[in-house]
Amino acid sequence: MASSSSSSTDYYDSIKSKWSSEYPSSNEIDEIWDFYKEAGYDDPKATLRSMLDPVTFTKNRILDYGCDKGLILDFFCGSVHDAIEGYGLDINEDAIKDAQKRFPSRVFKGGDGLTIPYPDKHFDVVICIATIKHVRYEDRAAVYAELNRVADYALLIEADEKEQKTQETMGWTFYNSNFSQEFEDNFATEVKVVREGGDILGLYECKK
């Protein structure tokens with residue numbers, strides 16, 4: 001398990017209430033598809049579903065790292081086959097409570113994500129959508145180590161930025177970087193990469 005400093009833990013603890021009170025969570029999956037279409041995706045449902053096509057599922061478990069209310073996790077689980085077990089992890093405790101009510105057959109836990117409370121290689125895939133940009137630069141190595149530890153593959157989606165720079169947007173700090181290069185550097189093998197709507201969607205084989 002990757003180590004995390006007390007200062008990092010303190011930082012994410014300090015912003016938990018902001019996530020619960022201010023984050024603009026979607027309440028319906030169609031709101032998410034509309035958001036992607038407005039960003040320039042042609043058929044976001046088909047695009048996201050296709051990103052898992054190269055994966056051969058043997059454990060039948062998906063983890064959504066930064067799952068919010070569980071809408072995307074439930075979509076991915078339903079897109080693969082009925083036997084897929086869905087797990088979600090999020091810093092927003094109110095969203096986790098909502099997800100548990102919406103999808104009682106899935107497993108949701110709250111946490112800052114600096115450590116992931118599951119055994120090594122427990123999941124076929126860990127999904128991480130628009131979450132890495134919220135992780136401070138100094139915490140990235142620990143987070144990538146945990147993603148690699150718990151899964152065989154990682155699917156990541158972020159804005160296709162090309163340089164490391166912070167961005168302040170509506171009271172939120174985004175820790176942008178050259179995500180394409182960063183993902184290549186922190187996972188074992190690039191399996192599939194798509195660029196659409198200003199985003200990079202990447203499926204990577206995790207390190208052993």
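Predicted model: local features only at pLDDT ≥ 70, side-chain atom pairs only at ≥ 80, totals over all residues.
User: Which residues is Ser26 in contact with, leaving aside its neighbours within four places in sequence?

Analyst: A contact list shows what surrounds a residue. Ser26 is in contact with Glu31, Ile32, Asp68, Lys69 and Leu71, once neighbours within four places in sequence are left aside.

User: At what angle do the axes of H3 and helix H5 cross?

Analyst: For two helices, read the angle and the distance between axes. The axes of H3 and H5 (residues 71–80) cross at roughly 95° and come within 9 Å. Angles of 65 to 115 degrees count as roughly perpendicular, so H3 is roughly perpendicular to H5.

User: Which residues make that contact of H3 and H5?

Analyst: From H3 come Ile29, Ile32 and Trp33. From H5 come Leu71, Ile72 and Phe75. By class, the contact of H3 with H5 has six nonpolar residues, no polar and no charged ones.

User: Which residues of H7 and H8 make the contact?

Analyst: H7 gives Arg140, Tyr144 and Asn148. H8 gives Phe179, Glu182, Phe183 and Asn186. The residues of this contact of H7 with H8 divide into three nonpolar, two polar and two charged.

User: Take Asn186. Where does Asn186 lie, and is it buried or partly exposed?

Analyst: Start with the element, then the accessibility. Asn186 lies in helix H8 (residues 179–186). Its relative accessible area is 21%, so Asn186 is partly exposed. The cut-off for buried is under 20%.

User: What does Asn186 touch, and how far apart are Asn186 and Lys207?

Analyst: Asn186 touches Tyr144, Asn148 and Lys207, not counting residues up to four places away in sequence. Asn186 and Lys207 are 21 residues apart in sequence and 8.4 Å apart in space, C-alpha to C-alpha. A polar atom of the Asn186 side chain also lies 2.8 Å from the backbone oxygen of Glu182.

User: Is Arg149 buried or exposed, and what does its side chain reach?

Analyst: Arg149 has its place in helix H7. At 12% relative accessibility, Arg149 counts as buried. The side chain of Arg149 reaches the backbone oxygen of Tyr118 at 2.8 Å. The Arg149 side chain also makes a polar contact with the side chain of Asp120, at 2.8 Å.

User: Last one. Where is Lys162 found, and what does Lys162 touch?

Analyst: Lys162 is found in the loop between strand S5 (151–159) and strand S6 (165–169). Not counting residues up to four places away in sequence, Lys162 touches Ser177, Asn178 and Arg195. The side chains of Lys162 and Asp160 are joined by a polar contact of 3.3 Å. Lys162 and Gln100 are 62 residues apart in sequence and 37 Å apart in space, C-alpha to C-alpha.

Key. Residues numbered from 1 in each chain as written. Heavy atoms only, no water. Helix = DSSP H or I, 4+ residues; strand = E, 2+ residues; numbered from the N terminus. Buried < 20%, exposed > 50% of the residue type's maximum accessible area, 1.4 Å probe, protein only. Contact = heavy atoms within 4.5 Å. Polar contact = N/O pair within 3.5 Å; in protein donor to acceptor, adjacent residues only side chain to side chain. Nonpolar A, V, L, I, M, F, W, Y, C, P; charged D, E, K, R; others polar. Axes fitted to C-alpha atoms, helices over the stretch in contact; angles between N-to-C directions. Parallel < 35°, antiparallel > 145°, perpendicular 65-115°, else oblique.
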